[in-house]
Amino acid sequence: MEVFNSRSLKPYSTFGIEAKAGLFVECNKLWQILQVLEQFNREPLLILGGGSNILFTKDVEGLVLKNELPGITAEAESDDFMLVKAGAGENWHQFVRYCIQQNWGGIENLSLIPGNVGAAPMQNIGAYGVEIKDNFYSLEALDLKTGNLRTFSAADCKFAYRESVFKRDLKNRYLITSVCFRLSRKNHQLHTEYGAIRDELKQGTTNLPDLLAISDAVIRIRQSKLPDPAKIGNAGSFFKNPVVEQKQYEQILEQYPDLVSYPAGEQKHKLAAGWLIEKAGWKGYRKGDAGVHARQALVLVNYGNASGKEILQLSQDIISDIQQKFGVILEREVNIY
Ligand code: FAD
Ligand code: NAP
């Protein structure tokens, strides 16, 4: 285990933005993490997974700890369900594909989401009508104040749309070490309600989709729509979809009858943030190396040498413009450092 001084974080975030870590260490064993925490007790700490949901706007003064804890284990099983635990450092997509290979169902719609297992609960990752809270069983996390391990149930995590207790009340307090999922072994509940999945499955030959067919469909859709971070820096959707009350929804709809929205509980509507940004004319916008992706307006991109501050400023300009045009305040989804 080597601790590096003044390490560039550019290769460690999918935005590909230059920033330095005062100290940097990768740990693949729990004892290493405990040792590092003891050694650098007084340093501020940033925990990093795959770096696919973070925007660096400045150097990190203290210690960056890249969590690489490995391992996938079947913890328990019944005729119908499996409890499967994965180390925080496991690659999320590889974990999903491994579960599909075993015919364990529930997370197939979350195929090809970048990043690691340990960060998945942070924002209750979701796609195509499924969120991890739907198949979550528990997680273990290290209390950075006391050094004790604590088990969190789903209720403890306070999952919500792209939210959890780890982004709010317990921000920076815990390092997630492993996550346990409850996955189906038979009678899988398949989610094909999103139009894109239905359309993609129609192209295939199977009449009855299975876990693999859904995963493959999601992969094809994502590869056709989303920018590949290996080619162009980005962190996926930069903003959350805003949820508005009935009255505001009707006002916007009156002015924009083509508004894209979905019911979100009683008298509430989820507006497609990508539609709002596109309608406001930002799709394909570029200033210097900071831009709005040409195929998906929800994704901000780094064409090469944009700084974190430039991307942040662009996001602020978009927030102000959307507020002015639609009266809706967009919230950032990406973690700003
Ligand atoms: P990082 O970016 O490394 O970290 C994210 C945050 O979690 C940081 O605040 C970090 O400090 C903290 N953190 C990381 N690991 C731990 C840990 N073990 N313990 C405590 N804190 C930790 N997200 C979705 O929800 N749905 C999508 O469909 C989706 N699609 C994407 C597509 C693309 C092309 C990209 C680039 C991103 C997409 N994302 C999506 C966002 C991102 O992939 C997820 O949020 C992912 O879970 C982030 O994982 P990570 O390991 O890269 O986290
Ligand atoms: P899309 O299919 O073009 O749909 C646009 C928006 O409409 C999505 O944000 C989605 O909300 C919503 N939507 C579509 N069909 C819906 C339905 N049947 N019921 C409820 N809401 C519906 O979106 P996309 O950009 O290509 O993304 C596809 C999926 O991958 C989405 O679920 C999206 O969240 C996820 N994704 C997330 C990220 C990220 O970084 N967070 C990046 C890429 C893709 P939801 O977002 O609430 O699902």
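Which residue in β16 does Y262 stand opposite? I looked it up: Y262 stands opposite K270.

**Ground rules.** I am working with a predicted model, in which local features need pLDDT of at least 70 and side-chain atom pairs count only at pLDDT 80 or more, while totals for chains, interfaces and linings use all residues. Residues are numbered from 1 along each chain as its sequence is written, chains are lettered from A and ligands numbered from 1 in the order in which they are written, and side-chain values use heavy atoms, with hydrogens and water left out.

β15 is joined to β16 (residues 268-271) by three bridges, and the two run antiparallel. I take strands as DSSP runs of E with at least two residues, and helices as runs of H or I with at least four, numbered from the N terminus. Two strands pair if DSSP finds at least two bridges between them. Strands of a sheet pair through backbone hydrogen bonds, either parallel or antiparallel.

The open sheet here has three strands in the order β14-β16-β15, paired antiparallel. β14 (243-245) and β15 (261-263) are at the edges with a single partner strand each, so one side of each has no neighbour in the sheet. On average, neighbouring strands of this sheet are turned by 35 degrees against each other, direction ignored. The axes for this are lines fitted to C-alpha atoms.

**Four-stranded sheet.** I then traced an open sheet of four strands, antiparallel, in the order β13-β19-β18-β17. Its edges are β13 and β17 (286-287); each has a single partner strand, so one side of each is left without a neighbour in the sheet. β13 pairs with β19 (residues 299-302) in the antiparallel sense over three bridges. G233 has N302 in β19 as its bridge partner.

**Ligand 2.** I counted a residue as near a molecule if one of its heavy atoms lies within 4 Å of it. By that rule 17 residues surround ligand 2, and the closest are R162, Y194, K270, Q296 and E333. K270 is the residue I started with, opposite Y262.

For polar contacts I used pairs of N or O atoms within 3.5 Å. A polar side-chain atom of Q296 is 2.4 Å from an oxygen atom of ligand 2. E333 has a polar side-chain atom 2.7 Å from a nitrogen atom of ligand 2. From S237, a backbone N or O atom lies 2.8 Å from an oxygen atom of the ligand. Ligand 2 taken alone exposes 790 Å², and the protein buries 80% of that; these areas come from the Shrake-Rupley method with a 1.4 Å probe.

β8 (126-127), α5 (211-225) and β13 (233-237) are the elements giving two or more residues to this shell. Domain 2 (72-225) and domain 3 (233-336) each contribute at least three residues to the shell around ligand 2; the bounds come from an automatic or database domain assignment.

**Ligand 1.** How many residues are around ligand 1? I found 34, of which I47, G49, G50, S52 and R222 come nearest. An N or O atom in the side chain of S52 is 2.6 Å from an oxygen atom of ligand 1. A polar backbone atom of P114 lies 3.0 Å from an oxygen atom of the ligand. Taken alone ligand 1 exposes 980 Å², of which the protein buries 93%. Strands β3 (45-48), β8, β12 (174-184) and β13 each supply at least two residues of its shell.

Methods:
Polar contact = N/O pair within 3.5 Å; in protein donor to acceptor, adjacent residues only side chain to side chain. Axes fitted to C-alpha atoms, helices over the stretch in contact; angles between N-to-C directions.
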